[in-house]
Amino acid sequence: IRMLTRFPGIYLVVKLHPRETNFESKLPPAGEIEERDPTSWVTYVGNDIYSPQLMKWGEIFISIATGAVFHPLKLRKPVLELSYAIGFLTVLARYLPCADVRSRDRLIELIWKFKEISVSEYSAYYYDQDELDKFISAFIEGENQSALDTYVNFLRNV
């Protein structure tokens, strides 16, 4: 959060996990983030805000191994899976390599690319459309078998 708000013109909305009980105490107060660019801001929201509404509104989504980002994928919006923040390769990172962010340097590079070019313009070629279509078909829509079965098979083969 601190790193992202150092970029100019970032409006960051952080939605807390519904089962997290102590997460709020670990977050920096929104208005007191050190070294925050004056044109950037962060807002924390809870479960009273409906996630799909945020996803329609948002432009880029950052994930740490959560299925909540499947909705933006269906909307063909960029998702950055922070593999460097966890100790394993997620299904998203495995099937959509462009979404797999394995270092802070790569995250910084991607944020600057999205800042340089309009998000909608960069989004048009961010994903390999065949890979994205296959992922949506297999893991979201469950075209060949149920999406849950596809996910279970993925876990068994990891």
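Q: Against which elements do the buried residues of H4 pack?

A: This is a predicted model. In it, the buried residues of H4 are in contact with strand S4 (79-82), strand S5 (100-101) and helix H5 (119-126).

Q: Which residues are buried in H4?

A: A residue is called buried when its relative accessible area is under 20%. In H4, this holds for Leu107, Leu110, Ile111 and Phe114. They lie on the same side of the helix because the arc they cover around the axis is only 100 degrees.

Q: Which exposed residues are on the face of H4 turned away from its buried side?

A: Asp105 and Glu116 are the exposed residues carried by that face.

Q: How many residues does H4 have, and how far does it reach?

A: Helix H4 runs over residues 104-116, which is 13 residues. From its first C-alpha to its last it reaches 18 Å, close to the 18 Å expected at 1.5 Å a residue.

Q: How many salt bridges does a search of the whole structure find?

A: Side chains of opposite charge can pair when their charged atoms come close. The search finds 4 salt bridges here. One of them joins the side chains of Arg76 and Asp133, at 2.5 Å from N to O.

Q: Where in the chain are Arg76 and Asp133?

A: Arg76 is in the loop between helix H2 (70-74) and S4, while Asp133 is in helix H6 (residues 129-141). The two are 57 residues apart, and the pair links distant parts of the chain. Arg76 is partly exposed at 35% relative accessible area, and Asp133 is partly exposed at 36%.

Q: Which residue forms a salt bridge with Asp100, and are the two buried or exposed?

A: The partner is Arg102, with the closest N and O atoms 2.5 Å apart. Asp100 counts as buried because its relative accessible area is 11%. Arg102, at 56%, is exposed.

Q: Where do Arg106 and Glu109 lie?

A: Both are in helix H4, 3 residues apart, which is about one turn of the helix. Salt bridges that share partners join Arg106, Glu109 and Lys113 into one network. Between Arg106 and Glu109, the closest N and O atoms are 2.7 Å apart.

Q: Which residues make the nonpolar surface patch?

A: Leu148, Tyr151, Val152 and Leu155 make a patch of about 360 Å². Leu155 belongs to helix H7 (residues 147-157). With 47% relative accessibility, Leu155 counts as partly exposed.

How values were computed: Residues numbered from 1 in each chain as written. Predicted model: local features only at pLDDT ≥ 70, side-chain atom pairs only at ≥ 80, totals over all residues. Heavy atoms only, no water. Helix = DSSP H or I, 4+ residues; strand = E, 2+ residues; numbered from the N terminus. Expected span 1.5 Å × (residues − 1). Buried < 20%, exposed > 50% of the residue type's maximum accessible area, 1.4 Å probe, protein only. Arc of directions from axis to C-beta. Contact = heavy atoms within 4.5 Å. Patch = residues over 30% accessible without salt bridge, like charges linked within 9 Å, V, L, I, M, F, W, Y side chains within 5 Å. Areas by Shrake-Rupley, 256 points an atom, 1.4 Å probe, with all protein chains shown as cover.
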